[in-house]
Amino acid sequence: MSFAFESADNFWLYVCAPVLVAFISLPIMRLFSSKNHFPVNGRTVVITGGSQGMGRALGKLLAQKGANVFIVARDVGKLEAAVEYISAAAQDPQSQRFHYISADLTHSSENIRIIDEITTWNNGSPPDVVWANAGMSTPQLFIETPIETLRSQMEINYWAATYLAHATLKKWLQPLISPPSSSDTKATITSSSSPSLPRHFIFTGSSVCYVGVAGYAPYAPAKAAMRSLCDTLRSELNLYTGAIASARKSSPSSSSASSIPPEIKIHTITPGTISTPGNLYENKSKHPITHILEEGDPVQSEDEVARVAIKALEKGHYLASTQFLGEAMRVSALGGSPRNGVVGVRDVLFGWVCAVAWLVVGPDMERKVWRWGFEHGVEGKAGTA
Ligand SMILES: NC(=O)c1ccc[n+]([C@@H]2O[C@H](COP(=O)([O-])OP(=O)(O)OC[C@H]3O[C@@H](n4cnc5c(N)ncnc54)[C@H](OP(=O)(O)O)[C@@H]3O)[C@@H](O)[C@H]2O)c1
Ligand SMILES: *[C@@H]1O[C@H](CO)[C@@H](O)[C@H](O)[C@H]1NC(C)=O
């Protein structure tokens, strides 16, 4: 009897008490973390794939928050219509500016060109926020997918974002690599319109980068590679942040300090299903088993996804999904990525719960795929469900 009490006490002391303390301290700590980590008012934002779907909704919401918005896609007609749609949402139509460039982002040189042209359009300052959002999915069973499609999916979903990150980070960090002399006119070209605020580079990933889902072999690996690039760049950017801090410390005079670039923050947003033109297109080639595996996934509107994504950035999150299931997938697959929430406690606790839930969900997903093969054979093409 007394032994049982003792062990219950120990359980309370070592397991429940720390969890309880964490929960009680959360609201208190939140008071200190209400800062907006993603201010856009008066700043210039570039959104690729901004002519429709999620990108267009991001443009609208950022326009409402006072940003200058520049969108990039291929089709000029859609771009013009989207600029009209986005600019109609401007907080201050007198001062905010809106524009587009038509470019195929699967060419690396086009990514360099757009960053150069936007810098010129932005009165010589590079954009403050660059969002690599263009992407598209053609889900299919792996062996039914032509090799050409496997490659082109990588081109638009991984390489286009990588080219853009490369062009943008080079532009942003150039003053550190070759500091302009005081007589050099490049000083104004590379300096920022808001030197004290960090710049942001954001990837649009997908929740399929966390969990293997039959039918997404052409697409998911590209988004997983994108997430790996983001994690790697997050680590690498500390090098530049350190150098920036050191340069600021040793150049107190404002003239030389103006050539020191702002810090850079990097993020990935991983939505689930969004009802966009892209999703309609993706549904056409999607195998019935993929539809079955996604059944529980809520369909979000593009405006809802934009709202949640920007809220996550405002909270300073590095990696974020846009709905509950996506968050469960994220916390189950964090690896070395930073945890969100005050000192990461929420993600850690949520991850523990999900680790247990996955003991049921994982095998259930496997069984569903097996059962489809058992009942329908390998012939189940899209549309036969
Ligand atoms: N919809 C979903 O269910 C879902 C779920 C998770 C993640 N995502 C991701 O979220 C992002 C946006 O998805 P969405 O559904 O909103 O997209 P969407 O409706 O298919 O729109 C794609 C946008 O990208 C542009 N684009 C496509 N290929 C391009 C290229 N080679 N060069 C330049 N621009 C190109 C398109 O314009 P043009 O065709 O005129 O170039 C369009 O503006 C994508 O990265 C997607 O992978 C979507
Ligand atoms: C695509 O199919 C799913 C069913 O799996 C559906 O819920 C979704 O609304 C469809 N998307 C569009 C844009 O119609």
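**Close-up views of the predicted model**

**View 1. Cysteines without disulfides.** Zero disulfides are found in a search of the whole structure, which is a predicted model. C209 is buried, its relative accessible area being 13%. C354 also counts as buried, at 7% relative accessibility. Both values fall below the cut-off, since buried means under 20% relative accessible area.

View 2. The volume of the largest cavity is about 40 Å³. Its lining is made up of T48, L105, A132, N133, A134, I156, A160, A161 and L164. Helix α5, which spans residues 147-177, supplies the largest share of this lining, with four residues. Sorted by class, the lining residues comprise seven nonpolar and two polar ones, while charged residues are absent.

View 3. Helix α11 covers residues 302-314, 13 residues in total. From the first C-alpha of α11 to the last, the helix reaches 18 Å, close to the 18 Å expected at 1.5 Å a residue. Buried positions in α11 are E302, V305, A306, A309, I310, A312, L313 and E314. After α11 comes G316, which has a positive phi, near 90 degrees.

Key
Residues numbered from 1 in each chain as written. Chains lettered and ligands numbered in written order. Predicted model: local features only at pLDDT ≥ 70, side-chain atom pairs only at ≥ 80, totals over all residues. Heavy atoms only, no water. Disulfide = S-S within 2.5 Å. Buried < 20%, exposed > 50% of the residue type's maximum accessible area, 1.4 Å probe, protein only. 1 Å grid on protein atoms, 1.4 Å probe; cavity = no way out; pocket = protein on both sides within 12 Å on 5 of 7 lines; lining within 4 Å. Points joined across faces, edges and corners; volume = space filled by probe spheres on them. Helix = DSSP H or I, 4+ residues; strand = E, 2+ residues; numbered from the N terminus. Nonpolar A, V, L, I, M, F, W, Y, C, P; charged D, E, K, R; others polar. Expected span 1.5 Å × (residues − 1).
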